[in-house]
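User: Hey, I'm new to reading protein models. Can you walk me through this one?

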Amino acid sequence: MKDKATKNNENNPVGNKKISYQDVRNNNEIRTYIDSSDKILGIAGYTKHDVGHVSKVAETAAYILKELNYSEREIELAKIAGYIHDIGNMINRHEHAQTGAVLAFQILRDMGMDPVEIFLVTSAVGNHDEGTGQPVSTISAALILGDKVDVRRSRVRNTDFATFDIHDRVNYAVEKAHVYVDKKENSIQLSLTIDTKICSLMEYFEIFLNRMMLCRKAANYLNSKFELIMNGTKVL
């Protein structure tokens with residue numbers, strides 16, 4: 001008689017499924033890890049890394065690849081990578097990209113994803129952090145851009161303006177943020193409207209310069225250029 005594990009493997013063989021973005025969104029394990037990660041970061045005082053953040057990252061990554069005429073499957077994989085990219089934070093913020101990649105590997109393998117696609121998603125997750133990462137694929141480049149351009153007031157948890165640190169001020173100062181792919185200029189643009197009474201442009205660069213430089217590398221990988229526009233003026 002075949003044991004339960006063998007039967008499960010026959011019903012759900014590893015490596016032959018086209019896992020969809022919706023499959024990932026509907027996965028309770030993944031959602032638990034996203035919520036747990038956000039809880040841990042909240043205790044540590046970080047901005048929100050909740051389902052709202054990862055969903056926005058996924059949609060932005062997909063938008064960029066769609067506008068640049070990449071395949072539907074690459075777009076789908078970028079959305080999957082965007083949605084799960086921060087689950088490593090449930091263990092520790094330090095090296096969360098690499099930890100998240102290891103967690104994602106096992107989850108996607110259990111879901112039956114093709115090994116080549118597991119590689120594309122997990123290597124993207126493992127390379128999204130500006131401290132250690134770099135664009136290593138189309139999926140990776142899209143994830144980096146989707147993650148680093150998510151700067152907005154609604155991500156700030158702290159409700160006491162008097163106790164804002166520089167990270168709170170920089171995010172809270174962003175009144176509008178818009179990502180646009182300009183096909184004529186062959187550029188990926190992040191346009192920000194910033195209240196300079198809350199945060200100076202210099203403070204923004206103090207916090208986000210490394211992230212913006214990684215965005216430049218990611219855009220270059222996609223044969224595009226990255227442009228940062230602040231209060232109507234191109235600064236990068």
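Predicted model: local features only at pLDDT ≥ 70, side-chain atom pairs only at ≥ 80, totals over all residues.

User: Okay, what's the volume of the largest pocket?

Analyst: About 520 Å³ for the largest pocket. A pocket here is found on a 1 Å grid over the protein atoms alone, as an open set of points where a 1.4 Å probe fits, with protein on both sides within 12 Å along at least five of seven lines. Grid points are joined across faces, edges and corners, and the volume is the space filled by probe spheres set on the points.

User: Which residues are closest to its centre?

Analyst: Tyr-46, His-49, Arg-93, Glu-130 and Arg-211, out of the 28 residues that line the largest pocket. A lining residue has an atom within 4 Å of a point.

User: And which elements give two or more residues to that lining?

Analyst: Those are α6 (96-111), α8 (138-148), α9 (166-173) and α10 (201-221). The largest share of the lining, three residues, is from α9. Helices are DSSP runs of H or I with at least four residues, strands are runs of E with at least two, and both are numbered from the N terminus.

User: How do the lining residues divide into nonpolar, polar and charged?

Analyst: In the lining of the largest pocket, three are nonpolar, 13 are polar and 12 are charged.

User: Switching topic: what about Leu-41, is it buried or exposed?

Analyst: Leu-41 is buried, because its relative accessible area is 1%. Buried means under 20%, exposed means over 50%, and partly exposed is in between, using a 1.4 Å probe and protein chains only. Leu-41 belongs to helix α3 (residues 28-44).

User: What does Leu-41 touch?

Analyst: Leaving out residues up to four places away in sequence, Leu-41 touches Tyr-46, His-49, Asn-89, Arg-93 and Arg-157. Touching, or contact, means heavy atoms within 4.5 Å.

User: How many residues does the largest nonpolar core have?

Analyst: It has 65 residues, and those with the most contacts inside it are Ile-84, Val-121, Leu-190, Tyr-204, Met-212, Phe-226 and Leu-228. The biggest contributor is α10, with nine residues. A nonpolar core is a set of buried Ala, Val, Leu, Ile, Met, Phe, Trp, Tyr and Cys residues joined through side-chain atoms within 4.5 Å.

User: Who's in contact with Ile-84?

Analyst: Val-24, Ile-30, Ala-104, Leu-108, Val-121 and Val-125 are, setting aside neighbours of Ile-84 within four places in sequence.

User: Now Asp-150, where does that lie?

Analyst: Asp-150 is in the loop between α8 and α9. Asp-150 counts as buried because its relative accessibility is 3%.

User: Which side chain does Asp-150 join in a polar contact?

Analyst: The side chain of His-53, at 2.6 Å. A polar contact is a pair of N or O atoms within 3.5 Å; within protein, one must be able to donate a hydrogen and the other to accept it, and residues adjacent in sequence count only if both atoms are side-chain atoms. Beyond four places in sequence, Asp-150 is in contact with His-53, Lys-56 and Arg-155.

User: What about Thr-163, which loop has that one?

Analyst: Thr-163 is also in the loop between α8 and α9. At 47% relative accessible area, Thr-163 is partly exposed. Its side chain makes a polar contact of 2.9 Å with the side chain of Asn-158, and a polar atom of the Thr-163 side chain is 2.9 Å from the backbone oxygen of Asp-160.

User: Last one: what is phi of Asn-69?

Analyst: Near 65°, a positive value in a residue other than glycine. Most residues other than glycine have a negative phi. Asn-69 lies in the loop between α4 (51-67) and α5 (72-84), and Asn-69 counts as exposed, at 64% relative accessibility.

Terms used:
Residues numbered from 1 in each chain as written. Heavy atoms only, no water. Nonpolar A, V, L, I, M, F, W, Y, C, P; charged D, E, K, R; others polar.
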